[in-house]
Amino acid sequence: MGKGGSLSDGVMKKIVLSYTYVAIWIFLSFTVIVYNKYILDKKMYNWPFPISLTMIHMSFCATLAILLVRIFKLVEPVSMSRDVYFSSVVPIGALYSLSLWLSNSAYIYLSVSFIQMLKALMPVAVYSIGVLLKKESYKNDTMFNMLSISLGVGVAAYGEARFDTWGVILQLGAVAFEATRLVMIQILLTSKGISLNPITSLYYVAPCCFVFLSIPWILVEYPILKQTSTFQFDFVIFGTNSLCAFALNLAVFLLVGKTSALTMNVAGVVKDWLLIAFSWSVIKDTVTPINLFGYGLAFLGVAYYNHSKLQALKAKEAQKKVSQPDEETGRLLEDREGDGSGKRNDNQN
């Protein structure tokens with residue numbers, strides 16, 4: 001009974017911790033999305049400068065990461081040569097800056113609910129780019145699943161009451177750049193055995209993002225901000241917003257590190273439904289029945305994709321378990337053969 005009780009207690013503890021990590025990530029992701037919408041929307045805080053907002057996030061995150069790595073030494077920096085940094089981290093930083101810039105820009109033109117529906121295309125983009133760059137193998141059933149997700153998002157877009165072509169282009173661009181970044185992380189970093197946690201990731205990537213974003217900022221937003229002499233930097237609004245963005249990066253590491261990337265994908269679907277409900281009930285965005293029907297189709301496609309990934313992971317783990325006894329048997333046979341040859345040599349001597 002004691003052993004059984006302790007085992008069940010241990011399992012329960014793991015389940016409670018997993019749900020806690022999921023809840024923290026959903027809350028912070030939810031907060032950052034709604035907070036960014038509040039700052040950028042012309043009907044709310046009315047500060048429509050997405051590049052500036054992203055640069056504030058990056059400078060805040062970079063400063064905190066440098067303090068934690070260099071000053072407080074809470075995290076060890078990753079051993080990385082100059083060549084690896086420029087060939088791997090810089091391209092990833094460029095893609096990340098473009099993704100953040102375009103996704104934040106979309107909040108000016110589109111509702112929170114519709115943006116979440118468009119984000120359902122992320123598995124489609126990741127799989128398609130993975131196939132193009134030969135990181136994923138093409139499968140007819142997977143491509144059919146991707147087409148069903150795309151169809152669902154298309155129906156949701158058809159039913160959107162506040163459809164804005166420029167906003168949709170911005171969000172689809174953000175999805176494309178983010179998907180490319182995820183695939184490039186596998187190609188450029190994972191293949192070289194380099195793994196970055198959120199703090200070391202921000203330590204290396206955030207300054208790079210800041211530099212890339214400064215170019216369009218000087219050309220696009222700086223002249224407008226210069227003319228707006230009445231603007232006063234609100235340290236409370238932008239400070240708390242940046243702190244939430246930094247905390248979200250840590251929550252991603254916590255969720256993926258303590259559970260799995262698949263859990264994060266499933267939690268992301270739950271978060272999307274919560275944001276759609278919040279957008280409709282609190283922000284008073286219009287959510288049409290066609291919107292919900294289309295996103296429902298996309299949701300089923302994403303759920304099936306996650307299920308397929310889970311089955312593939314289970315099959316991989318089962319194969320590992322089967323191969324381990326075979327490896328052990330092979331070692332035993334080698335040892336016996338070694339002993340036998342040793343004895344034969346002794347007899348010959």
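Mentor: What follows starts with the whole chain, moves to the packing of elements, and ends with single residues.

The model is a predicted one, in which local features need pLDDT of at least 70 and side-chain atom pairs count only at pLDDT 80 or more, while totals for chains, interfaces and linings use all residues. Residues are numbered from 1 along each chain as its sequence is written, and side-chain values use heavy atoms, with hydrogens and water left out.

The protein holds 11 helices and 0 strands, where helices (H or I, at least four residues) and strands (E, at least two) are DSSP runs numbered from the N terminus. Read from the N terminus on, its elements run α-α-α-α-α-α-α-α-α-α-α. Of its 349 residues, 40% count as buried; buried means under 20% relative accessible area, exposed over 50%, and partly exposed in between, with a 1.4 Å probe and protein chains only. Among the contacts in the protein with a separation of 6 or more, 85% are made by residues 24 or more positions apart, a contact being heavy atoms within 4.5 Å.

Consider the pair formed by helix α2 (residues 50-71) and helix α8 (residues 198-227), which pack at an angle of about 150 degrees with their axes 7 Å apart. Axes here are lines fitted to C-alpha atoms, for helices over the stretch in contact, and angles run from 0 to 180 degrees between N-to-C directions. The helices α2 and α8 are therefore roughly antiparallel to each other, since angles under 35 degrees count as roughly parallel, over 145 as roughly antiparallel, 65 to 115 as roughly perpendicular and the rest as oblique. In passing α8, α2 makes a left-handed crossing, the term for a near helix turned anticlockwise from the far one by less than a right angle, with right-handed used if clockwise. Sorted by class, the contact of α2 with α8 has 22 nonpolar, 4 polar and 2 charged residues; Ala, Val, Leu, Ile, Met, Phe, Trp, Tyr, Cys and Pro count as nonpolar, Asp, Glu, Lys and Arg as charged, and the others, Gly among them, as polar.

Another pair is α5 and α6, whose axes are 9 Å apart and which pack at an angle of about 145 degrees. Here α5 passes α6 in a left-handed crossing. From α5, Pro 123, Val 124 and Tyr 127 meet Thr 142, Met 143, Met 146, Ile 149 and Ser 150 in α6. By class, this contact of α5 with α6 has 6 nonpolar, 2 polar and no charged residues. Within helix α5 (residues 122-132), the buried residues include Pro 123, Val 124 and Tyr 127, and also Ala 125, Ile 129 and Gly 130. Just after α5, Lys 134 takes a positive phi of about 60 degrees.

Turning to helix α3 (residues 82-109), Ser 103 has its place there and, at 16% relative accessibility, counts as buried. Its side chain reaches the backbone oxygen of Ser 99 at 2.9 Å, and, not counting residues up to four places away in sequence, Ser 103 touches Gln 171 and Ala 174. Ser 105 also has its place in helix α3 and is buried, with a relative accessible area of 6%. The side chain of Ser 105 reaches the backbone oxygen of Trp 101 at 2.7 Å, while Pro 50 and Leu 170 are touched by Ser 105 when residues up to four places away in sequence are not counted.

The loops can be read in the same way. Asn 46, found in the loop between α1 (2-40) and α2, has a positive phi of about 60 degrees although it is not a glycine, and with a relative accessible area of 43% Asn 46 is partly exposed. Lys 284 lies in the loop between α10 (261-281) and α11 (289-348); its phi is near 70 degrees, a positive value in a residue other than glycine, and Lys 284 is exposed, with a relative accessible area of 63%. Ala 161, in the loop between α6 (140-158) and α7 (165-189), is exposed as well, with a relative accessible area of 51%. Although Ala 161 and Val 287 are 126 residues apart in sequence, they are 7.4 Å apart in space, C-alpha to C-alpha. Leaving aside neighbours within four places in sequence, Ala 161 is in contact with Thr 286 and Thr 288.

Technical notes:
Polar contact = N/O pair within 3.5 Å; in protein donor to acceptor, adjacent residues only side chain to side chain.
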